[in-house]
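Visitor: I'm new to this one, so please walk me through the terms as we go.
Guide: Happy to; let's bring it up first.

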Amino acid sequence: MAMYFSLILVVATLITGTVWLLDKFVFAPKRQLNLAATQAQCAQPLSEEAERKITEPNGLVETSVQIFPVIAFVMVLRSFIYEPFQIPSGSMMPNLFDGDFILVNKFNYGLREPVTRTKFWENGAPERGDVVVFKYPEDERVDFIKRVIGVPGDVVIYRNKTLYIKPACAEQSTDCPGADKVMNDFIATGEYFQMDMPMTRYNEKLPGRDHEILVNNNTYQQTRRFHNQPGTVRGEWVVPEGQYFVMGDNRDNSQDSRFWGFVPEDNLVGEAVAIWMSFDFERTPDSWLPTWVPTGVRFERIGGIN
């Protein structure tokens, strides 16, 4: 849907922009010439109403001229600066909730043409700990949001619900570090539940950034479902060049790189940087289609994303 909306926005901008240019440099001068010719043929000055009828564009042209600046502004803002998204699941709890509306920075990782998503300007790359929105590699019509755990060249190991990272190191280097355990500080148990089982909240200390995660200590790790990268053991991944390893903060309720592999750089949409609105939702079933309706605004959640 986002791709189709981008295409519609670009086409609308091109059409209304073309009409705006034609009116400014062709149609409007012709109307002024018609006004001058009509005034020359009349013995008395034209009334304001008569002048207005001659110089006023038709409805289609007038509408295009009026809405072009608005559409162009929205297209530039949404395509190259910030784009709004809604969090559709609980995979990023406790940092992002279902019902959070977020702003995604579109220029931190370079600028892309809005329809084909071809990058035309380089401007940095994701770092460990960044929360990113990307096109799901197995169905690029779907937008996912996860946290970057491994950057190109990293070795990521997830074993017994414990995360280890061996940072990328040049092949010719003789002092490459080993895989370090990512430390977690206990915060609380029982604040959040999954399938009626209490989850434990930790503060995870990724290199360069701390953030909170949830772990369900009562469920088994689904190792057999992990993506098995050729040349590595199950539960261990070497991040290829130009790709990223991502995970949800709700570690036992997230379909992420552990299960389907890596995120290509071309699939990145941008970095999630802020929550601009947050709603509580309540499921309201009816005879045809269950719906979710907002029941309140969570003002305390508005702000930056950790």
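**A guided look**

Guide: The largest pocket holds about 450 Å³ of space. This is a predicted model, where local features need pLDDT of at least 70 and side-chain atom pairs count only at pLDDT 80 or more, while totals for chains, interfaces and linings use all residues. Residues are numbered from 1 along each chain as its sequence is written, and side-chain values use heavy atoms, with hydrogens and water left out.

Visitor: What makes something a pocket and not a cavity?
Guide: On a 1 Å grid over the protein atoms alone, a pocket is an open set of points with protein on both sides within 12 Å along at least five of seven lines, whereas a cavity is a set of points where a 1.4 Å probe fits but cannot get out. Lining residues have an atom within 4 Å of a point. A volume is the space filled by probe spheres set on the points, which are joined across faces, edges and corners.

Visitor: Which residues are closest to the centre of the largest pocket?
Guide: Of its 26 lining residues, those are Arg112, Pro114, Arg117, Lys135 and Val269. The lining divides into eight nonpolar, six polar and twelve charged residues. Here Ala, Val, Leu, Ile, Met, Phe, Trp, Tyr, Cys and Pro count as nonpolar, Asp, Glu, Lys and Arg as charged, and the others, Gly among them, as polar.

Visitor: And how many cavities of 30 Å³ or more are there?
Guide: A search of the whole structure finds one. Tyr158, Lys161 and Arg251 are among the residues that line the largest cavity.

Visitor: Why is Lys161 called buried?
Guide: Its relative accessibility is 15%. Buried means under 20% relative accessible area, exposed over 50% and partly exposed in between (1.4 Å probe, protein chains only), so Lys161 counts as buried.

Visitor: What about Asp196, buried or exposed?
Guide: Asp196 has 75% relative accessibility, so it counts as exposed. Asp196 has a positive phi of about 65° although it is not a glycine, and Lys161 has a positive phi of about 60°. Most residues other than glycine have a negative phi.

Visitor: How do you know that Lys161 and Asp252 form a salt bridge?
Guide: A salt bridge is a side-chain nitrogen of Lys or Arg within 4 Å of a carboxyl oxygen of Asp or Glu, and this pair has N to O at 3.3 Å, so it qualifies. The pair links distant parts of the chain, 91 residues apart.

Visitor: What about Glu83 and Arg78, how far apart are their closest N and O atoms?
Guide: They are 2.8 Å apart, in a salt bridge, and both residues are buried. The structure holds 23 salt bridges.

Visitor: What makes Leu77 part of a nonpolar patch?
Guide: Patches are made of residues with over 30% relative accessible area and no salt bridge; like charges are joined within 9 Å, and nonpolar side chains (Val, Leu, Ile, Met, Phe, Trp, Tyr) within 5 Å. Leu77 has a relative accessible area of 32%, so it passes the area cut-off. Leu77 is listed in the patch with Val70, Phe73, Val74, Val76, Ile81 and Tyr82, with about 550 Å² of accessible area together. Those areas come from the Shrake-Rupley method with a 1.4 Å probe; for residues, only the protein chains shown count as cover.

Visitor: Which helix gives the most to the patch?
Guide: Helix α3 (residues 59-81), with six residues. Helices (H or I, at least four residues) and strands (E, at least two) are DSSP runs, numbered from the N terminus.
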